[in-house]
Amino acid sequence: MIALFLTTLLLTPVQETADEKKGQFLRPTTTFDLDMIRTMRSMQEHVQIVSSRKESDCLDALKTNGFQLVNKLITPDESGGRAYVATHENSLVIAFRGTKSAKAREFFSNLVSDLDLRWKKMAWLPESYRQIKVHGGFATEYSRFRDAILKALDAYPEKEIYIVGHSLGSALATLAAFDIEVSRERSVYLYVSGTPRIAGKSFQKAFEKEVTFCVRMTVGDDPFPRIFPRKLGYVHVGRLLPLEKDGTVVPLDRIKAKMAAGTFGDHDNRLYRKVADSFLDRCRKEPSLFEVPGLLQKSAEAERGSKR
């Protein structure tokens, strides 16, 4: 009887509570389980909020969904980028917008054209990590957000920190996570999607030593995860959740082939949100998905084995 009850509980879709709004489900789990996937879905909702067409829409969405903006939206004039730091109960969310405005598209184009020339040290890090280099364009762009991000973060020393970004925003989110871990010695939960490679093996080693939780999500044949190729020394960081557009997990033996494909439409952050929803529904119906040992780590290792 108990076994039947537990089986029914696992297979019954979990309904959001009436007062649970977009982006609110945030849990400090490092285990591949339903709470992690629901948190990942919430983080994709923050991608949609920070990517709102107008600043006023972004502010309205935060307020509607119960988040308190810390200080103001962060919008450096030099790049056309956007980020926010917002709180809800015991959680603090740092969200970076991806490649959106004309300035941001121009910036990303410049990154690609200069990809073999612009490695740069991160002078703001503690001395033990200042020799590590990352792509200079990403380092410069993050430096434009850094002071405002840390000022807002320091005002809430006890809150759990969740960081998210898509596309260019995911590169900045990755640098922010590493910075906060080593400069502020605070744990972060990093969820990124559509992420380009941003640095080499020295950064990967340091990042994975300091940032204990990072999940990268890819969808379909999104080409951005292979921007800045391995032959120039770039590698990905963190664990990987590779998903097809129908919400199924890409098998390990197909990950290398996926890295050789490319469909720019698969990079759309709205598609990522839709796929996150589909995968969450699938996980609720098929809890056996969580029983694959080391799935996220093995997926990351298979991806790093790609020559592209």
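User: What share of the contacts with a separation of 6 or more comes from residues 24 or more positions apart?

Analyst: This is a predicted model, in which local features need pLDDT of at least 70 and side-chain atom pairs count only at pLDDT 80 or more, while totals for chains, interfaces and linings use all residues. Residues are numbered from 1 along each chain as its sequence is written, and side-chain values use heavy atoms, with hydrogens and water left out. A contact means heavy atoms within 4.5 Å. Among contacts in the protein with a separation of 6 or more, the share from residues 24 or more positions apart is 73%.

User: How many helices and strands does the protein have?

Analyst: Helices (H or I, at least four residues) and strands (E, at least two) are DSSP runs, numbered from the N terminus. By this rule the secondary structure comes to 10 helices and nine strands.

User: Do β1 and β2 run parallel or antiparallel?

Analyst: Strands of a sheet pair through backbone hydrogen bonds, in either the parallel or the antiparallel sense. Here Leu69 has Ala86 in β2 as its bridge partner. Two bridges join β1 to β2, and the two strands run antiparallel.

User: Which residue of β7 is the bridge partner of Val164?

Analyst: On one side, β6 pairs with β3 in the parallel sense over six bridges, and Leu92 stands opposite Ile161 in β6. Six bridges also join β6 to β7, again in parallel. In β7, the bridge partner of Val164 is Tyr191.

User: What is the handedness of the β-α-β unit made by β6, α6 and β7?

Analyst: A crossover is right-handed if, with the strands pointing away from the viewer, the path from the first strand over the helix to the second runs clockwise. The unit made by β6, α6 and β7 is right-handed.

User: How many residues of β6 are buried?

Analyst: Of the 308 residues of the protein, 54% count as buried. β6 is mostly covered, and of its seven residues the number buried is six.

User: Why is the pair of Phe178 and Phe203 classed as it is?

Analyst: Rings of Phe, Tyr and Trp (its six-membered ring) pair if their centres lie within 6.5 Å; planes under 30 degrees apart count as stacked, over 60 as edge-to-face and the rest as tilted. The structure holds 14 aromatic pairs. In this one the ring centres are 5.2 Å apart and the planes stand at 70°, so the class is edge-to-face.

User: How many residues apart in sequence are the parts tied together by Phe32 and Phe290?

Analyst: Their ring centres are 5.1 Å apart and their planes at 75°, so this pair is edge-to-face. Both Phe32 and Phe290 are buried. Phe32 lies in the loop between α1 (2-11) and α2 (34-50) and Phe290 in the loop between α9 (269-285) and α10 (295-304), so the pair ties together parts whose separation in sequence is 258 residues.

User: What is the C-alpha to C-alpha distance between Pro76 and Phe145?

Analyst: Pro76 is found in the loop between β1 (68-69) and β2, and counts as buried because its relative accessibility is 9%. Leaving aside neighbours within four places in sequence, Pro76 is in contact with Gly81, Arg144 and Phe145. Pro76 and Phe145 are 69 residues apart in sequence, and their C-alpha to C-alpha distance is 7.0 Å.

Key. Buried < 20%, exposed > 50% of the residue type's maximum accessible area, 1.4 Å probe, protein only. Pairing = 2+ DSSP bridges.
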